[in-house]
Amino acid sequence: MVTFYIEGHKSLREGFSVLLFNLLGNSDFQVIMGRSNLETVKKFRHHKHAEGTKYLLVDLDMLEARRMERVEEYNLKNEILNVFFMIQEMEAWFLSQQSLLNEYYGAILKYPTQRACEIEKPSRVLGNITGAIKSKYEKVIHAIDLLKKIDTNQLAIDFIDVKNIRDKARAYHS
């Protein structure tokens, strides 16, 4: 069995479980949530499983080019092959799929011109662009539904860590 240690509020487990099912094409995994990067890294490091493999998925909170800084900060060099990042935050995934957001919010939103993975603080940007409509983005309310509806094939094209985590987990099951 594969275990995913994912940073985020425990209410997001359902959304991530559906996203991973859609991404991997199977349900032979479990999701363990951590409230912060540090808590999630600690769980990843210290939680022992009798069988299977484990992957870490946390916000990078910086530009992708600086990923090794985060790996070193969390002392994850020995586990680097099983460490994956949401660049910069999960909300960048949503911002990369404008048609999903337009449909979800029932409005044509005004998006930044830069690529989603280059947006600093995507959660703030998403909150700002949805602030003028009836239902401003709130992570623990909207992210669950958005994670369930996101196009995982496109996500794997747009974000290398999503592709890599998919490929590694599928290879494990082969």
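**Ground rules**

I number residues from 1 along each chain as its sequence is written, and I use heavy atoms for side-chain values, leaving out hydrogens and water. As the model is predicted, local features need pLDDT of at least 70 and side-chain atom pairs count only at pLDDT 80 or more, while totals for chains, interfaces and linings use all residues. Helices (H or I, at least four residues) and strands (E, at least two) are DSSP runs, numbered from the N terminus.

**Entry 1**

I found an open sheet of 4 strands in the order 2-1-3-4, with parallel pairing; two strands pair if DSSP finds at least two bridges between them. Strand 2 (29–34) and strand 4 stand at the edges with a single partner strand each, so one side of each has no neighbour in the sheet. From one strand to the next, the twist averages 20 degrees. My reminder on pairing: strands of a sheet pair through backbone hydrogen bonds, either parallel or antiparallel.

Next I looked up strand 3 (residues 53–59). How many of its residues are buried? I got 5 of the 7, so strand 3 is largely enclosed by the rest of the structure. Buried means under 20% relative accessible area, exposed means over 50%, and partly exposed is in between (1.4 Å probe, protein chains only).

Strand 1 (residues 2–7) runs parallel to strand 3 and is joined to it by 5 bridges. On that side I noted F4 opposite Y55 of strand 3. Strand 4 (residues 83–86) also pairs with strand 3 in the parallel sense, over 4 bridges.

**Entry 1: strand 4 and the crossover**

I then checked the two faces of strand 4. In a regular strand the side chains alternate between the two faces of the sheet. Here V83 and F85 lie on one side and F84 and M86 on the other, and all are buried, leaving both faces of strand 4 covered.

I also followed the chain between strand 3 and strand 4. With helix 3 (residues 67–73), they make a right-handed β-α-β unit; right-handed means that, with the strands pointing away from the viewer, the path from the first strand over the helix to the second runs clockwise.

**Entry 2: helices on the sheet**

Which strands does helix 2 (residues 37–46) lie across? I list strand 1, strand 2, strand 3 and strand 4, with helix 2 running at about 170 degrees to strand 3. Helix 9 (residues 160–173) lies across strand 1, strand 3 and strand 4, at about 145 degrees to strand 4. Axes are lines fitted to C-alpha atoms, for helices over the stretch in contact, and angles run from 0 to 180 degrees between N-to-C directions.

**Entry 3: helix 1 on helix 7**

I looked at this pair on its own. The axes of helix 1 (residues 13–24) and helix 7 (residues 139–149) come within 7 Å and cross at roughly 10 degrees.

Helix 1 makes the contact (heavy atoms within 4.5 Å) with E14, G15, F16, V18, L19 and N22, and helix 7 with I144, L147 and K148.

**Entry 4: helix 5**

I found L100, L101, N102 and Y105 to be the buried residues of helix 5 (98–105). They pack against helix 4, helix 6 and helix 7. S99 is found in helix 5 too, but S99 is exposed, with a relative accessible area of 59%. After helix 5 comes G106, with a positive phi near 65 degrees.

Most residues other than glycine have a negative phi, and most peptide bonds are trans.

- N75 has a phi near 55 degrees, sits in the loop between helix 3 and strand 4, and is exposed at 56% relative accessibility.
- K121 has a positive phi of about 60 degrees, lies in the loop between helix 5 and helix 6 (122–130), and is partly exposed at 36%.
- I87 and Q88 are joined by a cis peptide bond with omega about -25 degrees, and Q88 lies in the loop between strand 4 and helix 4 (90–95).
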